[in-house]
Amino acid sequence: MRVTASAPSNIALVKYWGKRDAARQWPANDSLSMTLSTARTITTAAPSAADTIIYNGRTLAPEAKDFQKIARHLERLRAATGQTSGLAIETHNTFPSGCGIASSASGFAALTTAACAALIDCADLRALSARGFTAERLADLARQGSGSACRSTMGGYVRWFSGDAPDRQSVATSLAPGHFDLADVIVVLSDEEKAVSSSEAHAFAWSSKLFPPRLAGIPERLKRLERALAAGDFTRLGLEIEAEALEMHAVIMTATPSVHYLTEASVQVCSWLRQQRQRGGIEAYFTIDAGPNIHVLTRPDDAAVLASQIRTAFGAQVKEILMDRTGSGLELSGDNGRERQRERGLSERITVR
Ligand code: PMV
């Protein structure tokens with residue numbers, strides 16, 4: 001059956017950084033993210049004689065690195081579903097590709113869902129779940145493609161529990177979507193490919209002297225953050241996520257080899273944000289993944305004004321600003337849902353230039 005899955009991206013508030021077991025994708029710590037709404041990957045899958053992949057409108061050659069990464073994941077999914085068929089995959093992102101926003105989380109969540117559904121002939125998530133491919137199971141499979149993808153299978157605020165063994169990991173929505181709706185103003189400062197990928201840099205974490213104390217402090221940080229989320233306390237949440245992002249980058253920079261994802265412009269945007277807050281401006285806080293771009297969380301009503309203030313303050317240093325907000329999880333539909341999904345994805349995208 002030909003099916004289309006749509007999966008959201010997510011932004012980590014407590015970061016997944018470092019692995020206890022790389023082969024089994026076992027993270028060093030629990031993490032917690034906010035699911036996004038606008039930034040999504042939309043993937044169509046249909047049984048086919050051989051695997052073919054169209055990525056953002058481009059047919060990938062079987063020798064290409066991206067093709068092989070996707071094909072390896074399809075092998076896992078064939079094993080999980082007990083099927084042997086090839087798959088024709090067509091995938092695109094609703095956010096501009098090459099804008100520096102990682103698509104691996106939404107990409108592997110959408111690929112996992114669409115491929116499993118096509119392989120076992122399920123036109124919606126309910127049917128997929130009835131066949132044993134629950135959100136939890138899909139998360140488990142998506143995680144094997146890219147760790148953070150497991151959090152993209154659910155909406156709202158999602159916690160990835162590392163568990164006490166690699167096969168006892170799980171994900172859960174901490175709060176219902178909509179309970180605490182925030183905007184994510186994504187300030188794109190660079191669209192260049194990272195010199196060191198996050199999958200490579202995870203391995204360096206253990207060499208930083210700051211890593212053990214970081215890991216020791218994560219349970220308390222998660223508690224504080226979950227309390228702030230439950231209470232709708234934006235100020236506490238914001239201060240916590242800024243401290244968390246800086247801590248992860250301190251680990252990354254003090255590891256061997258030392259990696260610098262932050263650029264001068266990244267630091268300037270973070271400082272500007274704090275200064276304007278201290279001056280009584282808009283309440284907004286930053287978080288930063290393994291790259292130079294800044295995610296600024298603010299209340300939805302303040303997002304547009306904040307975006308234009310950032311644009312005014314930083315001019316050409318800012319390549320693009322993407323507007324996003326708290327969103328819900330996976331979607332899956334049979335063939336005729338495809339165009340609807342594509343239209344939705346495009347109309348939801350708002351870009352401030
Ligand atoms: O899923 P990966 O291997 O790309 O690692 C993601 C790492 C961060 O984005 C920096 C943090 C996170 O939890 O998403």
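Residues are called buried when their relative accessible area is under 20%, exposed when it is over 50%, and partly exposed in between (1.4 Å probe, protein chains only). By this criterion, buried residues make up 56% of the 353 residues in the chain. The structure is a predicted model, in which local features need pLDDT of at least 70 and side-chain atom pairs count only at pLDDT 80 or more, while totals for chains, interfaces and linings use all residues. Residues are numbered from 1 along each chain as its sequence is written, and side-chain values use heavy atoms, with hydrogens and water left out.

The chain holds 10 helices and 15 strands, taken as DSSP runs (helices H or I, at least four residues; strands E, at least two) and numbered from the N terminus. Its radius of gyration, taken over C-alpha atoms, is 20 Å, close to the 20 Å from the globule rule (2.2 Å times the number of residues to the power 0.38), so the chain is as compact as a globular protein of that length. Along the principal axes, the C-alpha atoms fill a box of roughly 60 × 40 × 40 Å. Of the contacts (heavy atoms within 4.5 Å) with a separation of 6 or more, 76% join residues 24 or more positions apart.

Among the buried residues of α7 are F234, L237, I241, M248 and I252. The buried residues of this helix pack against β1 (3-14), α6 (211-231), α8 (264-278), β11 (284-287) and β12 (294-298).
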